[in-house]
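Subject: Structure for you to look at

Dear colleague,

I am handing over the structure we spoke of, and below it I have set out what I found when going through it. Please read the notes with the structure open beside them.

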Amino acid sequence: MPPHGPALNALHALLGRRIVFVGGKGGVGKSTIAAAIAATAAERGRSCLAVSTDPAHSLGDVFGKAVGHHEKRLTEHLWGLEIDPEDEAGRHIAAVKQQMKSLVHPRLYAEIDRQLDLARFAPGTMEAALLERMAELMADAGTRFDLVIFDTAPTGHTLRLLSLPEIMMAWTEGLLQHQERSSKLTSVLKRFGGGAAKGDELSLIDAPADHRAGSRAEKLSEILLARQRKLRRARELLLDTEATSFILVLNPDKLSILESRKALESLERVHVPVAALIVNRVLPAEAGGAFLEARRRQEAPYLAEIERDFARLPRRLLPLLPDDVNGLDALRQIGRLLLD
């Protein structure tokens, strides 16, 4: 497959980034491409963490090694991690429980446990927990690792994750404003001789009788501000073209093109930079036979449609390989096809 100059330049630039997202429709080969870039970066001496956020993990399958939801060293410069959304939600809920229990009367502990155990199954809880974990890993890029590569879930899930920082920042800012109004009300009541404002035992913001209002308000503000800083930093990194690249992977077929077109429009709408397009599993020219010729005739208009609809993006075509991609040697071969 002949090299496409702008695509080669864009893909070489990936190795100089700190964060790379590889996304697209389910089943197009995202995990293989993400693992190949990671293996190639590691082979060239960059410490690299490959992260799967797709609930249907296949990162370990393409590496040919068990990965799991703890960082696993795969080679001298390469680590793998498969994030378990349910495990992250559990960890997230446990942390919130601990924080909330430091802010309320002990009589409320059982109610906090009950409410947050229910919240674990609420829509958006796993996505929020996953986002926080991704934000932590993004902060590791350039510090613990030279490069962090995310093999993301199918496109719709990825777009929700990319939009959550703004949503959660707005929510956090609202809580901080509420906290500020509560503090001002307490101050006014004190000036009018009302003393400290005391809430009942169900109060989460205003203090119950045996807690000082100031100390708890300060703790709450610290918790909310820490989350706000983390999410704001994640958003800044997503939009930083010097630090982060997003790669779209698709196959030359109708559904893959449709979803990639929607994904590109959505990403551009939220100003997330897309560095390049990788067209995976293209039939090689040398493959013969009547069946493959028929498939090639069917594929040709899709390739032309990709050239037309994604003309503004650097593009790289990868051939369909005769064997399954499994193990580091096969991944490095994909890396060479991408970058050489």
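I begin with strands E1 and E6, which pair in the parallel sense over 6 bridges, and in that pairing Gly-23 has Leu-248 of E6 as its bridge partner. Please keep in mind throughout that this is a predicted model. E1 also runs parallel to E5, to which 4 bridges join it, and here the bridge partner of Val-22 is Asp-151 in E5.

These pairings belong to an open sheet of 8 strands with mixed pairing, in the order E3-E4-E2-E5-E1-E6-E7-E8. The edge strands, each of which pairs on one side only, are E3 (72-73) and E8 (315-319). Elsewhere in the sheet, E2 (residues 48-52) and E4 (residues 78-82) pair in the parallel sense over 5 bridges, with Val-51 standing opposite Leu-81 in E4.

Thr-152 has a relative accessible area of 2%, so it counts as buried, and a polar atom of its side chain lies 3.0 Å from the backbone oxygen of Val-22. Leaving aside neighbours within four places in sequence, the residues in contact with Thr-152 include Phe-21, Gly-23, Lys-30, Asp-54 and Thr-158.

Turning to the helices, H2 (residues 30-43) lies across E1, E2, E4, E5, E6, E7 and E8, and runs at about 165° to E5. H2 has 14 residues and reaches 20 Å from its first C-alpha to its last, close to the 20 Å expected at 1.5 Å a residue. Because 13 of these 14 residues are buried, H2 is largely enclosed by the rest of the structure. Just after H2, Gly-45 takes a positive phi of about 95°. Helix H11 (residues 328-339) lies across E4, E7 and E8, and runs at about 140° to E8.

The largest nonpolar core has 38 residues, and those with the most contacts inside it are Val-22, Ile-33, Phe-63, Ile-149, Ile-247 and Leu-338. H2 supplies the largest share of this core, with 9 residues. A second, separate core of 36 residues includes Leu-130, Phe-145, Ile-257 and Leu-313. As for Phe-63, the residues with which it is in contact, leaving aside neighbours within four places in sequence, include Ala-35, Ala-50, Leu-74, Leu-328 and Leu-331.

Lastly, helix H4 (residues 85-101) has 17 residues that should span 24 Å at 1.5 Å a residue, which agrees with its end C-alpha atoms being 24 Å apart. Asp-84 caps the N-terminal end of H4, with a side-chain oxygen 3.0 Å from the backbone nitrogen of Glu-86. The buried residues of H4 include Pro-85, Glu-88, His-92, Ile-93 and Val-96.

With best wishes

Key:
Residues numbered from 1 in each chain as written. Predicted model: local features only at pLDDT ≥ 70, side-chain atom pairs only at ≥ 80, totals over all residues. Heavy atoms only, no water. Pairing = 2+ DSSP bridges. Helix = DSSP H or I, 4+ residues; strand = E, 2+ residues; numbered from the N terminus. Contact = heavy atoms within 4.5 Å. Axes fitted to C-alpha atoms, helices over the stretch in contact; angles between N-to-C directions. Expected span 1.5 Å × (residues − 1). Buried < 20%, exposed > 50% of the residue type's maximum accessible area, 1.4 Å probe, protein only. Core = buried A, V, L, I, M, F, W, Y, C linked by side-chain atoms within 4.5 Å. Polar contact = N/O pair within 3.5 Å; in protein donor to acceptor, adjacent residues only side chain to side chain.
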